[in-house]
Amino acid sequence: MKIPQVINRFNMYKNGSKLVGVSGEVSLPEITHLTDTIEGAGTGGNLEIPVIGLLDTMDMEIPYVTLSKEAFAMMDPGESTDLMLSGAIQCMDSGTGKVGYSQFSVAVRGLVKAFSPGSAKAGAKMESKVTLSLSYYKIVIDGTTMLEIDKLNGVYIVNGKDVLKEVRNMC
């Protein structure tokens, strides 16, 4: 069994082009289900339930060390941006203690929601950032799709299981 330890290294790509030295850390979007409350005969009161496949806004901040052409390339509000993070998770084999690696990738697509140019100070980073509102989000580990959300096409896959297949077939 592989025990994940740390992200050994990763790169970020925009529309297939490597973005070198853009950022040291990228926070991945949180997944929050839209919910509704049910109540009625036979229930012990209110029960908040997730509406499967309907998700709240997924935002992703792309931090930049300084202002850059790459940041402004994401600024056209009429054009979506495709980003991919690809990297290696350092792991340890629980039986042998040997160090190995698992490949991971994160693919997102979204439109610019916000832009913060940061601040200017001699000898310091500007900490600029672009925030994307995502319509697509996919996480793959060692070739297995762990999560895929495509809000525009009704796709919601978790741990390789297409949880909306039945719903799509009905609509």
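A salt bridge is a side-chain nitrogen of Lys or Arg within 4 Å of a carboxyl oxygen of Asp or Glu. The exercises below use this term and a few others on a predicted model, in which local features need pLDDT of at least 70 and side-chain atom pairs count only at pLDDT 80 or more, while totals for chains, interfaces and linings use all residues. Residues are numbered from 1 along each chain as its sequence is written, and side-chain values use heavy atoms, with hydrogens and water left out.

**Exercise 1. Salt bridges**

Find how many salt bridges the structure holds, and describe the pairs that Asp 162, Asp 82 and Asp 142 form.

Solution. Step one is the total: the structure holds 5 salt bridges.

Step two takes Asp 162, which pairs with Arg 168, the closest N and O atoms being 2.4 Å apart. For accessibility, buried means under 20% relative accessible area, exposed over 50%, and partly exposed in between, with a 1.4 Å probe and protein chains only. Asp 162, at 26% relative accessibility, therefore counts as partly exposed, and so does Arg 168 at 30%.

Step three takes Asp 82, whose side chain meets that of Arg 109 in a salt bridge of 2.7 Å, N to O. Helices (H or I, at least four residues) and strands (E, at least two) are DSSP runs, numbered from the N terminus. Because Asp 82 lies in strand β6 (residues 81–93) and Arg 109 in strand β7, the pair ties together parts that are 27 residues apart in sequence. Asp 82 is partly exposed at 29% relative accessibility, and Arg 109 is partly exposed with a relative accessible area of 31%.

Step four takes Asp 142, which forms a salt bridge with Lys 2, the closest N and O atoms being 3.5 Å apart. This pair links distant parts of the chain, 140 residues apart: Asp 142 is in the loop between β8 (128–141) and β9 (144–150), and Lys 2 is in strand β1 (residues 2–14). Asp 142 is partly exposed at 42%, and Lys 2 is partly exposed at 45%.

**Exercise 2. Aromatic rings**

Find how many aromatic pairs there are, and state over which ring the charged end of Arg 109 sits.

Solution. Begin with the rule: rings of Phe, Tyr and Trp (its six-membered ring) pair if their centres lie within 6.5 Å, and planes under 30 degrees apart count as stacked, over 60 as edge-to-face and the rest as tilted. By this rule the count comes to 1 aromatic pair. The rings of Phe 72 and Phe 115 have their centres 5.2 Å apart and their planes at 55°, so the pair is tilted. Phe 72 belongs to helix α1 (residues 69–72) and Phe 115 to strand β7 (residues 99–116), so that distant parts of the chain, 43 residues apart, are linked by the pair. Phe 72 is partly exposed at 44% relative accessibility, and Phe 115 is partly exposed with a relative accessible area of 27%.

Next comes the charge, which sits over a ring if NZ of Lys or CZ of Arg is within 6 Å of the ring centre and within 35 degrees of the ring normal. The charged end of Arg 109 sits over the ring of Tyr 136, 4.9 Å from its centre.

**Exercise 3. Cysteines**

Determine the count of disulfides, and decide whether Cys 91 is buried or exposed.

Solution. A disulfide is a pair of cysteine sulfur atoms within 2.5 Å, and by this rule the count comes to 0 disulfides. Cys 91 is buried, because its relative accessible area is 4%, whereas Cys 171 counts as exposed at 82% relative accessibility.

**Exercise 4. Positive phi**

State the phi of Glu 127 and of Asp 142, and place each residue in the chain.

Solution. The background is that most residues other than glycine have a negative phi. Glu 127, although not a glycine, has a positive phi of about 55°; Glu 127 is found in the loop between β7 and β8 and counts as exposed at 59% relative accessibility. Asp 142, also not a glycine, has a positive phi of about 50°, and Asp 142 lies in the loop between β8 and β9.

**Exercise 5. A helix residue**

Locate Val 167, and give the distance in space between Val 167 and Gly 53.

Solution. Val 167 lies in helix α2 (residues 165–170) and counts as partly exposed at 41% relative accessibility. Val 167 and Gly 53 are 114 residues apart in sequence, and their C-alpha atoms are 9.4 Å apart in space.
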